[in-house]
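Dear colleague,

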Amino acid sequence: MPSTKLKIAIQKSGRLYDDSLKLLKDCGIDFKDGINKLKTEADNFPMEVFFLRDDDIPQYVEDAVADIGIVGENVIYEKNKKVTVMEKLGFGKCRLSVAVGRNERYDGPAYLSNKRIATTYPVLVSGFLQKKNIIAEIHEISGSVEIAPGIGLADAIADLVSSGSTLFMNGLKEVETILHSEAVLIRHPNLDAGRHEILEKLLFRIRSVHKARHTKYILLNAPNANLKEIISLLPGMKSPTVLPLAEPGWSSVHSVVNENEFWDIIEKLKSAGAQGILVVPIEKMIL
Ligand code: ATP
Ligand code: ZN
């Protein structure tokens with residue numbers, strides 16, 4: 001009997017491709033990458049990887065052609081498929097925004113009444129207009145939305161934005177945000193027990209990678225007289241490790257700190273007499 005494999009769909013090429021591959025690699029899953037390939041098998045994890053267009057991924061996961069997938073939230077909510085969102089993945093961040101000509105006087109959503117809005121996201125845009133009680137004409141186009149106002153095809157656009165430079169280069173300004181989006185892991189609503197078990201293993205690894213990404217390992221030398229003060233500055237997972245140094249009266253202290261607070265803590269540690277401070281990345285963090 002063939003053993004169960006979890007089938008994951010990821011984008012074949014495009015903005016999510018590199019980070020999706022990196023996430024699987026960081027989870028210790030090895031396979032050959034997908035250039036000119038439809039699918040491949042992992043060497044050391046019960047997983048098959050399908051390389052697809054991002055727009056097709058929700059449908060494939062709904063139909064159980066793939067068990068799980070990595071795709072932007074924007075695509076999931078636009079396509080409205082029956083899939084379960086498991087985990088935000090922290091990459092592919094963008095927003096679906098409304099933009100109008102830079103010189104337009106935009107004074108709120110009422111501006112959009114009876115205007116023509118070009119977008120590749122008609123479902124999300126019409127939801128937004130409905131919520132604001134605005135009636136406007138949605139022009140669904142499949143690409144290069146940002147040029148629509150310039151060629152007289154539309155008065156406004158709704159498109160994905162990250163830095164805003166594309167809008168700027170096309171003489172547009174961002175005026176409303178419809179949705180904030182990032183890549184997420186989705187799954188088919190009913191996975192069998194075998195696939196569920198593999199998914200749990202994968203999720204455990206993804207969460208360990210994420211926790212590690214936001215934390216640093218810190219090592220420092222401290223005079224014993226100041227140990228109490230220095231230890232009180234370190235949050236740590238439980239309590240810091242304290243080891244005597246060869247030099248009498250000194251100890252080595254090891255702990256884990258949050259990325260957001262480590263500059264702050266380092267200043268305080270220095271003033272409390274800590275020396276030889278090392279901050280090193282953590283690859284995985286198993287809690
Ligand atoms: P495909 O050939 O797979 O259909 P695509 O051209 O539709 O690719 P990409 O441009 O690669 O898609 O974008 C994939 C996803 O990346 C988007 O759906 C979105 O979730 C995310 N993304 C992040 N930043 C941006 C951005 N600035 N513009 C567009 N998409 C972005
Ligand atoms: Zn696409």
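The notes below concern the ligand site.

This is a predicted model, in which local features need pLDDT of at least 70 and side-chain atom pairs count only at pLDDT 80 or more, while totals for chains, interfaces and linings use all residues. Residues are numbered from 1 along each chain as its sequence is written, chains are lettered from A and ligands numbered from 1 in the order in which they are written, and side-chain values use heavy atoms, with hydrogens and water left out.

Around ligand 1 there are 17 residues (a heavy atom within 4 Å), and those that come nearest are Arg15, Asp54, Asp55, Asn74 and Ser162. Their shell divides into five nonpolar, seven polar and five charged residues, where Asp, Glu, Lys and Arg count as charged, Ala, Val, Leu, Ile, Met, Phe, Trp, Tyr, Cys and Pro as nonpolar, and the others, Gly among them, as polar.

- Asp55: a side-chain N or O atom is 2.7 Å from an oxygen atom of ligand 1.
- Asp54: a polar side-chain atom lies 2.8 Å from a ligand 1 oxygen atom.
- Arg15: here a backbone N or O atom lies 2.8 Å from an oxygen atom of ligand 1.

The protein covers 77% of the 630 Å² of accessible area that ligand 1 has on its own (Shrake-Rupley method, 1.4 Å probe).

Notes
A polar contact is a pair of N or O atoms within 3.5 Å; within protein, one must be able to donate a hydrogen and the other to accept it, and residues adjacent in sequence count only if both atoms are side-chain atoms.
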